[in-house]
Amino acid sequence: MRTPEVEHALDNASSYEEWLQAAQDHDRLTGLAAWREDDESPHYEASALRADIARMRELRTTGKALELARHLDHELGRQLNDLSSPELYDSALAGTKHLVEAYLETVESSLRWLAATEIVGLSRQAKTARFQVAEKVFGRSALLLSGGATWGFHHLGVVKALMDLGLLPHILSGASTGAMIAAGVCTRSDAELRGMFEDTDQLRLDGLLPFGLRKAWDQGAWLDPARLYEVLLNNVGGWTFAEAFARSGRALNISVSPTRSRQKPRLLCHLTSPDVLVASAALASSALPTLFPPIELRSRGPDGEEPYVAGERWVDGSLYGDLPKLRLARLHNVNHFVVSQTNPHVMPFLRRYDRQGLRTAVMGAAGSAVRHQSTLVTDIARRAAPGPLRQLADQAHALVSQDYSGDILLHPRFRPALLTRIATNPTREDLADFIREGERSVWPRVAAIRDQTRIGRTFRSCLSQLGAKLA
């Protein structure tokens, strides 16, 4: 059973190390530490995992590199499919079964051994090519940052926690406020990003400036996009997507939604729109109708700035592509999604992963029911709405019918008091609070993130090592 002391320690930890100690105390008191030590599970075959571990270690010890490579080709996908079961990470807070962790450690050390070992009959170029194919088959992980207006500043804490733990994916996607945060991350080198977290005063927080009443009426919007763009240029710089990728090594993806019915949502990145200005894309992705007017995307051409698509204007990326998983899969071979979710219409129904029991189950069921009913109602509305209202009804349907989940879902605690400040400029104190809450949302999911991204991170590290040798 839990004690008030453990509950207090979990809720008030100021670092991951403190939280982990409280989580280990929780697991010991509830008997879940013993669950971790027990190899058996209905979600995988324990004897097969033990045999696989022994086989990989034997092949390394005897120097049979090609045989080890073939073994990993045949066995890796089969075993990892079993080990990705969510139930393996929904019990103990501090981590999953020790046997699972031992298997992943053995796979990682085997891949690193293969990358570092000279293999007779296989050139460095051929070995690199085999690693590249294996990584493509395995797939990649991405961090997706949702919309959420002012609540989206929680994403900064998510990024900070993942970076501090060496778990930040190199592919990021953002919509609305998530686009602003992803842009700030992907236009900075690692050193610059650490410097930003050490001195957040370098960030401007005054992006929301109301129009006067007359101009608001003329524009059909309440907030001035020129002020937000000025703040974005300060916070993310005047880089293009291609320049951002070259600076940071991180692939930035920003969702924007069309204003014309015949246009489709777009995912802007260094592959699809290398010359588009990142600040312009983040502005467009944040242009929620009625708050901001539609935005023209800008790109850098041979003669300076120019429209990206002349005559087209774009609005909030969350309307049609809050979590653009299908497009990320096609563009970047992503098949594993870590989602940081802060949308106010989604958060009340999300579960806390350091909490279990009847209340958690009821909240999950309620969320599913509300979403289902909302999808039905808005679908009827968009079919019945007259011409001028049809686009609004279509946007409402797209908003409620999207899939807002991922393989791993992160979200801060839902605090209803924040609803009154959903579209206001945060203070410095607010920003510090958002960052702390964002970090805390990561800690209960560290074990799942670490384990489920471990092999992908190992492939990336090995390919970097092999590329350096070739160079």
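How are H4 and H6 oriented to each other? The answer comes from a predicted model, in which local features need pLDDT of at least 70 and side-chain atom pairs count only at pLDDT 80 or more, while totals for chains, interfaces and linings use all residues. Residues are numbered from 1 along each chain as its sequence is written, and side-chain values use heavy atoms, with hydrogens and water left out.

Two packed helices are described by the angle between their axes and the distance between the axes. Helices here are DSSP runs (H or I, at least four residues), numbered from the N terminus. Axes are lines fitted to C-alpha atoms over the stretch in contact, and angles between N-to-C directions run from 0 to 180 degrees.

Helix H4 (residues 46–61) and helix H6 (residues 98–116) cross at roughly 25°, and their axes come within 10 Å. H4 and H6 are therefore roughly parallel to each other (angles under 35 degrees). Contact, meaning heavy atoms within 4.5 Å, joins residues of H4 including Leu49, Ile53 and Met56 to residues of H6 including Leu99, Tyr103 and Trp113. The residues of this contact between H4 and H6 comprise 10 nonpolar, three polar and four charged. Here Ala, Val, Leu, Ile, Met, Phe, Trp, Tyr, Cys and Pro count as nonpolar, Asp, Glu, Lys and Arg as charged, and the others, Gly among them, as polar.

A second pair is formed by helix H8 (residues 154–164) and helix H10 (residues 190–198), which pack at about 125° with axes 11 Å apart. Leu156, Val159, Lys160 and Met163 in H8 meet Asp190, Leu193, Arg194, Met196 and Phe197 in H10. The contact of H8 with H10 has six nonpolar, no polar and three charged residues.

How values were computed
Helix = DSSP H or I, 4+ residues; strand = E, 2+ residues; numbered from the N terminus. Parallel < 35°, antiparallel > 145°, perpendicular 65-115°, else oblique.
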